[in-house]
Amino acid sequence: MTGADHPGAWPKGGVGQALPHDSGHLHVTGGALYTDDIPEPRGLLHVAIGVSAKPHARLARVDLEPVREAPGVVAVLTADDIPGSNNFGPVLADDPIFAADEVQYVGQSMFAVAAQTVDQARRAARLARIDYTPLPAILDPEEALRQQSFVLPSASIRRGDSKAALRKAAHRLQGRLRLGGQDQFYLEGQIAMAVPQEDGDMLVYSSTQHPGEVQHKVAHALGKQAKDVVVECRRMGGAFGGKESQPALFACIAALVAQLTGRAAKLRLDRDDDMIVTGKRHDFVIRYDVGFDAVGRIEGIEFEYAARCGMSADLSGAVNDRTMFHCDNAYYLDNVTIVSHRCKTHTVSNTAFRGFGGPQGMFAIEYVIDEIARYLHVDPLDVRKTNFYGIGERNVTPYQQTVEDNILHDIVARLEADAEYAQRRDAINAFNAAGTLHKRGIALTPVKFGISFTATHLNQAGALLHVYTNGTVHLNHGGTEMGQGLFTKVAQVVAGELQIDIERIKITASDTSKVPNASATAASSGSDLNGKAAQAAARTIKDRLREFAAGHFEIAPEAVAFRRNEVQIGATRSIPFTELVNLAFFARVSLSATGFYRTPKIHYDRKTFSGRPFYYYAYGAAVAEVLIDTLTGEYRVLRVDILHDCGQSLNPAIDLGQVEGGFIQGMGWLTAEELWWNEQGELKTHAPSTYKIPVSSDVPIDFRVQLLESAANREETVYRSKAVGEPPLMLALSVFHALKDAVASVEDHALSPHLDAPATPEAVLNAIDALRARSAAKPERHTG
């Protein structure tokens, strides 16, 4: 930057300003166009999928004649009708678009039907006559572990000698946990519309976080090349990871129908089918063995994670790797062994979800810390502080990355004071001692979350920027907008760089024909990557304009400065930005540029699970207080205090919304959202009537959220900001542990209750009953 090119001179809508979402007014008025709102081409066909009714079986007979003869049906497609590759798997070729000979979960796609109306297509899809030859079905990760059924090889990280440390430790605890999954429950379901173009090309509108992957999978299915397929996505109505790999299936099917019939085709799932057919957050069975000293410092620990991956690999490799990378959370683990099993089950293939495996890793270590504290009869916060990563020492992770930016101690100390944790702990103890049927609990939990794709090559982004002669700007980049405000933030970056009001910038749809080979908008890296790429493009144009102005006005380039819609020419003259752009145009200066960014410093050896997979860490902490009814297990979250690190926020309003929303979504995962399969492998919680997501009445009665101020990112991110998409979700661990604290108070904290997640009211009541039974049966000091 030179002259006035600095944050103190921002135009309207520049970096750091609390702007509303660029589409906020469209969201609330119904003016925002989602894929299903795009005007339908003439002759559009509607598509439905015929799915398996069995978890694992051979297809003995598939009679589709009743489907073909149904009213309105135009075409029926099976695996035999795919001219290219029958696969939409993102990593391995193990996810068929249509099952041909064998089905491996209830809900697996077997065929598609295209009809004149949505209703006709869906009704026809149910008319198929299928004869199944049942095969043995594995429906649980523990059973998969017993049978050594895996989608990928197991993996491990080891440091020091955990077994020796466990033997020598003064105290030792062991335990087993069940941690449930979570449906993404985006408001806009999975949808794709394919429109044939001239010369066999295909245009696909897809609700996807990863247009580039959809482009490639559609091309492979059609037997074409990437150049023949364009994928566009202006916005999604939520995604949360569920639209990273999953949309490829629906885009492929729509495109296959469009190519076969020569007519546009749209495939839109209803809510029940969406929940049955698509993958979710991985659920886990976790075992731990921990040794510690008299003050709770961990001396040795072993974790075994068994994840339900489903019938195929999908993204389970990277998800489970991130689980391993985050099972330390905020704590230094010296002698540690982490074993990760990627279990194959005959259920839907689980996939990305906000946090991408990290929350599951953190859940285990936070549970262990809590168990240690209850064993020692000390406040869990004291044990947490005892085990925190140090500054300058005890600061290397199990995967050999040095924690260089540790601000955990400051965040926790400030939150502990601001939330009056100690005083409230005393007040809660007094309340519980009064012997009412209601009990309170409180917990403070931290978050340390690594930012970057663990697959190093994905940490790159591109952008395309045009400046028109009237001084307005056309912005495009490889990121996608799913409601998180990415497009707004990137536009603010460009506004700041060019020093123009944000109203001059047109934000445009993600489009594979404009920015190629883009990574998914995931891993909380959207602003980091695309903001930097757009910044690079804007700086390229600004440098051209500066060079031109210097020559045109015969001054030094350093004397040309951009500020608030004007350009300073030397010490005494300024001209409007538009005027300089026009002068440059007539001088034949290019006003279009691409930008590219690759994250520096990161490196990672997958074979040894060592290196620097993360560019930096995002930090935060939360205090939650709850009230439970010991007769019913019902509870309310009374108060939550959050302090979260966003670096120098690009947009405090959007970041605050992300922190609040992430926390509530995490709370839903850990307390309410229960996925349940029956013995036939059928998911029975597949609609809002049976699957409970948080609603407005579940928001804490007293909800206090603050962004950490004056905490610029130590790394050179875009304007020293930090990612904020995923890290806040893990702050909800405070609610789970507050519930566990309240349950423990039923027996005056003499025993530690066992509580799996989600901690539904039923689970809380069962934990209370089990705790009372243990207390009545015999005196125990502790059971993990």
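Pro758 is located in the loop that runs between helix H18 (733–744) and helix H19 (761–777). In this predicted model, the peptide bond leading from Ala757 into Pro758 is cis, with an omega near 10 degrees. Most peptide bonds are trans, and most residues other than glycine have a negative phi. Two residues with a positive phi are described next.

Phe185 is not a glycine, yet its phi is positive, at about 45 degrees. Phe185 belongs to the loop between strand E8 (171–179) and strand E9 (191–196). Its relative accessibility is 12%, so Phe185 counts as buried, the limit for that class being under 20%. The ring of Phe185 also takes part in a contact with a charged side chain: the charged end of Arg271 sits over this ring, 4.4 Å from its centre. An arrangement of this kind is found for Arg308, whose charged end sits over the ring of Trp677, 4.4 Å from the ring centre.

Gln499 is a residue other than glycine with a positive phi, in this case near 60 degrees. Gln499 is placed in the loop between H14 and strand E19 (505–507). With a relative accessible area of 0%, Gln499 is buried.

Helix H14 (486–498) also contributes to the largest pocket, as one of the elements that give two or more residues to its lining; the others are helix H15 (526–553) and helix H17 (652–671). The volume of this pocket is about 1100 Å³. The lining comprises 48 residues, of which Phe240, Arg354, Met482, Gln484 and Gln658 are the closest to the centre of the pocket. H17 makes the greatest contribution to the lining of the largest pocket, giving seven residues. Sorted by class, the lining of the largest pocket consists of 21 polar, 19 nonpolar and eight charged residues. The largest pocket lies between domain 1 (3–32 + 460–598) and domain 2 (406–453 + 616–784), because both domains give residues to its lining.

The second largest pocket has a volume of about 740 Å³. It is lined by 34 residues, and those closest to its centre are Val91, Leu315, Ala455, His457 and Leu458. At least two lining residues of the second largest pocket come from helix H6 (211–222), and at least two from helix H9 (316–325). The lining of the second largest pocket is made up of 15 nonpolar, eleven polar and eight charged residues.

Across the whole structure, seven cavities of 30 Å³ or more are found. The volume of the largest cavity is about 140 Å³. This cavity is lined by 15 residues, and Phe88, Asp95, Tyr105, Leu249 and Val277 are the closest to its centre. By class, eight residues of the lining of the largest cavity are nonpolar, five are polar and two are charged.

Contacts between aromatic rings complete the description. The structure contains 20 aromatic pairs. One of them joins Phe292 and Tyr375 in an edge-to-face arrangement, with 5.6 Å from centre to centre and 85 degrees between the planes. This pair connects distant parts of the chain, since Phe292 belongs to strand E13 (residues 284–292) and Tyr375, 83 residues away, to helix H10 (residues 358–376). Phe292 and Tyr375 are both buried.

Another pair is formed by Phe363 and Tyr367; it is tilted, with 6.0 Å from centre to centre and 45 degrees between the planes. Phe363 and Tyr367 lie four residues apart within helix H10, a spacing of about one turn of the helix. Phe363 and Tyr367 are both buried. Beyond these pairs, one aromatic cluster is formed by Phe325, Tyr399, Tyr604, Phe609, Phe614, Tyr617 and Tyr619.

How values were computed. Residues numbered from 1 in each chain as written. Predicted model: local features only at pLDDT ≥ 70, side-chain atom pairs only at ≥ 80, totals over all residues. Heavy atoms only, no water. 1 Å grid on protein atoms, 1.4 Å probe; cavity = no way out; pocket = protein on both sides within 12 Å on 5 of 7 lines; lining within 4 Å. Points joined across faces, edges and corners; volume = space filled by probe spheres on them. Nonpolar A, V, L, I, M, F, W, Y, C, P; charged D, E, K, R; others polar. Phe/Tyr/Trp six-rings, centres within 6.5 Å; stacked < 30°, edge-to-face > 60°. Buried < 20%, exposed > 50% of the residue type's maximum accessible area, 1.4 Å probe, protein only. Lys NZ or Arg CZ within 6 Å of the ring centre and 35° of its normal. Domains from an automatic or database assignment.
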